[in-house]
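Here is a guided walk through one structure, written for someone meeting it for the first time. Please keep the sequence and the 3D view beside you as you read.

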Amino acid sequence: MTADLFSQGRLHLFNYNVASLITTPLLVFFSISFPGNCAMSSSRCRRLEGKVAIVTAATKGIGLAIAERLLDEGASVVIGSRNQKNVDEAIKELHSKGLKNVAGLAGHIAKPEDQKKLVDFTLQKFGKIDILVNNHGINPAFGHILEVQDEVWDKLFEVNVKAGFQMSKLVHPHLIKQGGGSIIFNASYGGYKSPPGIAAYGVTKTALIGLTKAMANGLSKDNIRVNGIAPGVIKTKMSRALWDHEDGEKNVSEGQEIQLGRLGVPEECAGAVAFLVSEDASYITGEMIVIAGGVHARL
Ligand SMILES: NC(=O)c1ccc[n+]([C@@H]2O[C@H](COP(=O)([O-])OP(=O)(O)OC[C@H]3O[C@@H](n4cnc5c(N)ncnc54)[C@H](OP(=O)(O)O)[C@@H]3O)[C@@H](O)[C@H]2O)c1
């Protein structure tokens, strides 16, 4: 009889119904008792109520999705990017979604004076800083690693590595004032795999994996957790040349051996960042989450 029910799938259904009778009141109880927690994966949870975050390079793509997700979870967010028009448009878009606790400032993330302005602006607007998301990253060159011009190499390291290091130094005393906080680096699966054509970019992302570890060790005494994400190919302007043509997505997916058979979208990075900066990740530091649809990417 039991075997019959299993084979018909009815026992699963029965168990599910009984289980939900028990678990639903428990979930309600836990979400009322511990409002900071998020019982299940949903952008509706409010794990970041009262927190203030800076997200760099956040007027498009992954950065904008991260800003949106942190706002949606209750944080106040400052976004930056080079172009004031892009900042204004991003804020308008977020406002249109009912996300009001956002402000932004134009500036180049690798310029120390602009970094300082971004931090000062955040303090003026929201009075403190709990979270820094170093999302910025550029890839100006495509070609063989030894054909990369010295100036391009320097620029890659200046923006992709040094700017996040400098931003972290600027934000560090303000995180300490809050009794701790969270720093995120946006690396790439390219930091593990050295994809052909963008190997120099990949080396900067490998450096970010090292920087994440080093900073996690150095800042743990201040109750500051430092983690990162390593996205695969995510559909944004930056990766558009790879996939925005006939069979592009299919070719990338097969070429990179993406097990899920598709490219990622920015929201799939944003959810991981929201988790890492929340109390749900309170015992996680020095880690990278690879978000690459199952691409094998390890050092
Ligand atoms: N897309 C992918 O497949 C992928 C994969 C792995 C990792 N990543 C990483 O994810 C991060 C975001 O990439 P994305 O794909 O979301 O790019 P995107 O859609 O092209 O957006 C780039 C953002 O960065 C801003 N920006 C560019 N240069 C800047 C600078 N010097 N200072 C301040 N802001 C700057 C841009 O705005 P302005 O033009 O106004 O400055 C824009 O808001 C990067 O670190 C990238 O390496 C991306």
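**A walk through the fold**

Let us begin with two strands: β1 (residues 52-55) and β4 run parallel and are joined by three bridges. Strands here count as paired if DSSP finds at least two bridges between them. Helices (H or I, at least four residues) and strands (E, at least two) are DSSP runs, numbered from the N terminus. Residues are numbered from 1 along each chain as its sequence is written. This is a predicted model, in which local features need pLDDT of at least 70, side-chain atom pairs count only at pLDDT 80 or more, and totals for chains, interfaces and linings use all residues.

On the β1 side, β1 and β2 pair in the parallel sense over four bridges, with Ile79 of β2 as the bridge partner of Val55.

Are the faces of these strands open or covered? In β4 (residues 131-134), both are covered, with Ile131 and Val133 buried on one side and Leu132 and Asn134 buried on the other. Buried means that 20 or more other C-beta atoms lie within 10 Å of a residue's own; exposed means 12 or fewer, and partly exposed lies in between, with C-beta atoms placed from the backbone. β1 is covered on both faces too: Val52 and Ile54 are buried on one side, Ala53 and Val55 on the other. In a regular strand the side chains alternate between the two faces of the sheet.

Now turn to helix α8, residues 199-219. At 1.5 Å a residue, its 21 residues should span 30 Å, and this agrees with its end C-alpha atoms, which are 30 Å apart. The expected span is 1.5 Å times one less than the number of residues. Its buried residues include Tyr201, Leu208, Leu211 and Met215. Among the elements that cover the buried residues of α8 are α6 (150-177), β5 (181-186) and β6 (224-231).

Next comes the ligand. Of the 28 residues around it, Ala57, Gly61, Ser81, Arg82 and Gly137 come nearest; a residue is near if its C-beta atom, placed from the backbone, lies within 6 Å. The elements giving two or more residues to this shell are α3 (61-72) and β2 (76-81), and α3 gives the largest share, three residues.

Further along, Ala297 sits in the segment after β7. Ala297 counts as partly exposed because it has 19 C-beta neighbours inside 10 Å. Leaving out residues up to four places away in sequence, Ala297 touches Tyr189, Tyr192, Lys193, Ala230, Val290 and Ala292; a contact means C-beta atoms, placed from the backbone, within 7 Å. The C-alpha atoms of Ala297 and Ser194 are separated by 9.6 Å, although the two are 103 residues apart along the chain.

Finally, step back to the whole protein chain. It has 11 helices and seven strands, and buried residues make up 40% of its 299 residues. The mean pLDDT is 89, and 86% of the residues reach 70 or more; pLDDT is the predictor's confidence in each residue, from 0 to 100. Where pLDDT is low, the predicted coordinates should not be read in detail.

Key: Two residues are in contact if their C-beta atoms, placed from the backbone, lie within 7 Å.
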